[in-house]
Amino acid sequence: MLELQQVFARFAGSYLESHPVHAEGIKAAKAIVHCRTAALGGHVDHCDSCDGVKVSYNSCRNRNCPKCGNLKKEQWILDRTAELLPVPYFHAVFTVPHQLNPLFLANPSLMYAILCKAASATLVKLALDPKYLGAQIGVTMVLHTWGQNLSFHPHVHCIVPGGGLSLDGGTFVRSRKKFFIPVKVLSKVFRGKLLALVKQACFKQELKFVGSSLSFAEEESFQALLDTLYTLDWVVYCKKPFKSPFHVVKYLSRYTHKTAIYNNRLKGMDEAAVTFMYRDYKDQGKVKPLTLDAMEFIRRFMQHVLPSGFQRIRYYGILSNCNRKTKLHKCLRLTHRTIRPKVKLTARELIMKLTGKDISKCSCGGYWCRALSLAPSTG
């Protein structure tokens with residue numbers, strides 16, 4: 001099976017030599033190429049029952065690598081499962097018009113933070129309104145920047161419990177079975193909050209106008225952009241409630257530690273192009289092949305490498321770090337849920353949970369023992 005590592009090993013060097021790439025992109029490219037190779041070092045194990053020898057190379061642990069992340073995802077599922085409330089959960093998605101893409105590409109850290117802040121503030125503010133719920137809710141949010149064809153498409157996935165802590169903090173307020181905030185209301189409030197934050201950033205001279213956003217550097221053109229955006233209907237949609245609270249975590253885990261493309265979607269590569277499968281939502285969701293010039297494929301992938309330190313998964317309201325041990329625990333008690341301590345599993349235990357295989361045991365029934373550590377190769 002073709003892997004992203006093979007694509008990057010063949011084409012990333014040429015791309016980095018001929019295109020400007022930010023430091024985090026260069027780091028990601030090198031990590032993907034070197035993942036689980038001698039370049040990152042490793043160790044040699046021998047079996048205590050037979051003469052078996054096993055060489056294991058280290059993973060890169062880069063969040064853009066499709067080989068890494070599964071263990072973190074499984075631990076995340078365990079952590080979030082301990083926090084589930086016995087209520088319906090809703091999946092809301094906030095997207096931004098493509099006219100804003102140049103500002104996102106020129107100011108990734110700032111604009112992604114604005115997107116997350118606007119979406120979370122919209123949900124939290126409207127939920128506090130007695131007309132909709134009248135309660136303090138929690139929001140788990142995951143940032144995504146890609147479409148199925150690797151195009152640039154910033155949006156956030158939000159999981160929201162159907163209920164929250166009353167304004168006086170004494171009771172738990174449950175929502176109706178349907179999502180408690182109309183989508184049209186969400187869209188208008190979200191649009192207003194995000195554009196207000198963009199204007200504020202511009203006023204504070206925090207926005208950079210470079211590349212494709214350079215045309216908005218003049219005050220008149222920037223204002224014209226905002227005027228156009230205010231006239232558009234922004235896309236916010238909400239999916240049906242999940243079957244059970246546990247399904248929430250399993251579903252969202254598809255997004256939390258995901259990379260722009262996985263190896264199972266890669267279908268072919270030649271001396272100049274890469275072919276992968278994508279789902280065409282404009283054609284009834286049909287799965288189709290797409291062939292891109294190798295340089296264009298890597299360019300699209302690089303657009304989705306987030307700035308260093310940027311948190312893709314965020315928590316708000318009663319789920320935020322400052323409220324988790326107080327307001328969330330109060331909600332759990334009010335809904336008669338047992339507050340369970342989080343369970344931290346070792347890498348061996350997580351792999352056992354994922355695959356059913358005990359990596360500490362040899363096929364003969366013996367156990368692997370560390371014999372030698374391998375230093376990273378400099379060749």
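These legends describe close-up views of a predicted model. Local features need pLDDT of at least 70 and side-chain atom pairs count only at pLDDT 80 or more, while totals for chains, interfaces and linings use all residues. Residues are numbered from 1 along each chain as its sequence is written, and side-chain values use heavy atoms, with hydrogens and water left out.

**View 1. Strand β3 (residues 89–95) is largely enclosed by the rest of the structure, because seven of its seven residues are buried.** Buried means under 20% relative accessible area with a 1.4 Å probe, protein chains only. Strands are DSSP runs of E, at least two residues; helices are runs of H or I, at least four; both are numbered from the N terminus. In a regular strand, side chains alternate between the two faces of the sheet. One side of β3 carries Y89, H91, V93 and T95; the other carries F90, A92 and F94. Both faces are covered.

**View 2. β3 pairs with β6 (residues 152–161) and with β9 (residues 236–239).** Pairing requires at least two DSSP bridges between the strands. The β3–β6 pairing is antiparallel, over seven bridges. There, F90 has V160 as its bridge partner. The β3–β9 pairing is also antiparallel, over four bridges. A92 stands opposite C238 of β9.

**View 3. The largest nonpolar core has 50 residues.** Such a core is a set of buried Ala, Val, Leu, Ile, Met, Phe, Trp, Tyr and Cys residues joined through side-chain atoms within 4.5 Å. F94, F190 and L194 have the most contacts inside it. Among the elements that each supply at least two residues are β3, β6 and α6 (183–203). α5 (108–128) gives the largest share, 10 residues.

**View 4. The axes of helices α3 (residues 70–81) and α11 (residues 347–355) come within 10 Å and cross at roughly 85°.** The two helices are therefore roughly perpendicular, a term for angles of 65 to 115 degrees. Axes are lines fitted to C-alpha atoms, for helices over the stretch in contact; angles run from 0 to 180 degrees between N-to-C directions. Contact means heavy atoms within 4.5 Å. α3 contributes N70, L71, E74, Q75 and L78; α11 contributes A347, L350, I351, K353 and L354.

**View 5. Three strands form an open antiparallel sheet in the order β4-β7-β8.** β4 (135–136) and β8 (172–174) are the edge strands, each pairing on one side only. Two bridges join β4 to β7 (residues 163–166). A135 stands opposite S166 in β7. Helix α10 (residues 324–334) lies across β4, β7 and β8, at about 105° to β7.

Note on methods. Parallel < 35°, antiparallel > 145°, perpendicular 65-115°, else oblique.
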